Amino acid sequence: RSSHAKPKSDSAGGVLLRRPGPELASCELSHVDRTPIDLGLAQAQHAGLCAHLEGLGLTVRVLDPLTGFPDACFVEDPALVLPEVVVIGRLGTASRMGEASALEPVLAELRPLMHIEAPNTLEGGDVLRVEDTLLTGLSGRTNHGGMRQLAHLVLEHGYRVKAAQVEGALHLKTAVTWLGGDTLLANRRWVQLERMGDMRVLDVHPEEPFGANVLK
């Protein structure tokens with residue numbers, strides 16, 4: 001379903017972030033062992049990221065921590081933001097379900113909203129935009145139904161959806177990033193990229209398996 005709100009203009013290069021909260025150490029975890037989290041360090045690193053983005057000339061809006069949701073600082077998961085619309089996802093873990101509704105009022109100021117409906121699941125960390133293609137990871141957080149509904153929702157805006165099986169990583173974008181043009185940076189042990197056969201793939205170094213999880 002989609003809202004009927006008309007899009008409102010927003011400044012080019014805007015970034016929406018949420019500060020890590022005191023519950024961060026209770027975040028969801030998979031594929032890696034749980035280790036202690038230094039909250040002060042995490043908050044300092046987050047502040048450093050905000051400052052760096054502002055230094056690049058971007059408009060940065062920072063939301064307060066969301067009580068009861070230790071993963072809420074990962075704002076890309078509840079929603080997929082495209083130039084034309086925002087697709088509000090349905091997160092794949094019960095503990096994170098409330099994050100999307102908390103972001104809706106903020107995102108509704110910028111663009112019309114469209115929604116992934118139950119029982120489908122879709123998380124933004126599983127969607128990589130490569131120009132007019134949305135490479136969508138089938139993972140423990142995003143299912144076939146979510147991918148199919150996404151394809152239906154964005155078709156009218158000129159996007160096509162391609163599937164990529166994710167294995168050994170939480171999200172698609174843990175394993176692959178678009179560097180622009182025809183080039184992807186990827187850990188091909190964690191993601192199947194056969195449907196992106198026309199793209200050039202740069203492989204991460206074996207000693208740095210998370211090397212593709214970068215901000216481009």
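Me: What share of the contacts with a separation of 6 or more is between residues 24 or more positions apart?
Reply: In the protein, 67% of them. Contact here means heavy atoms within 4.5 Å. The model is predicted, so local features need pLDDT of at least 70 and side-chain atom pairs pLDDT 80 or more, while totals for chains, interfaces and linings use all residues. Residues are numbered from 1 along each chain as its sequence is written, and side-chain values use heavy atoms, with hydrogens and water left out.

Me: How many helices and strands?
Reply: There are 4 helices and 11 strands. These are DSSP runs numbered from the N terminus, with at least four residues (H or I) for a helix and at least two (E) for a strand.

Me: Why does the radius of gyration agree with a compact globule?
Reply: Because a compact globule of 216 residues would come near 17 Å, and the protein has 17 Å. The radius is taken over C-alpha atoms, and the globule rule is 2.2 Å times the number of residues to the power 0.38.

Me: And how much is buried?
Reply: 44% of the 216 residues. Buried is under 20% relative accessible area, exposed is over 50%, and partly exposed is in between, using a 1.4 Å probe and protein chains only.

Me: Switching to Thr174. Buried or exposed?
Reply: Thr174 counts as buried, because its relative accessibility is 10%. Thr174 sits in helix H4, residues 172-175.

Me: What does Thr174 touch?
Reply: Leaving out residues up to four places away in sequence, Thr174 touches Ala169, Trp190, Phe210, Ala212 and Asn213.

Me: Which residues touch the most other members in the largest nonpolar core?
Reply: Leu128, Leu172, Val176, Leu184, Val191 and Leu193, out of 18 residues in that core. H4, strand S6 (127-130), strand S9 (176-180) and strand S10 (183-186) each give two or more residues to this core. A nonpolar core is a set of buried Ala, Val, Leu, Ile, Met, Phe, Trp, Tyr and Cys residues joined through side-chain atoms within 4.5 Å.

Me: Which other core lies apart from it?
Reply: One of 13 residues, including Val85, Leu122, Leu153 and Val154.

Me: What about Ala102, where is that?
Reply: Ala102 is in helix H2, residues 98-107. Ala102 counts as partly exposed because its relative accessibility is 27%.

Me: What is Ala102 in contact with?
Reply: Arg18 and Leu66, once neighbours within four places in sequence are set aside.
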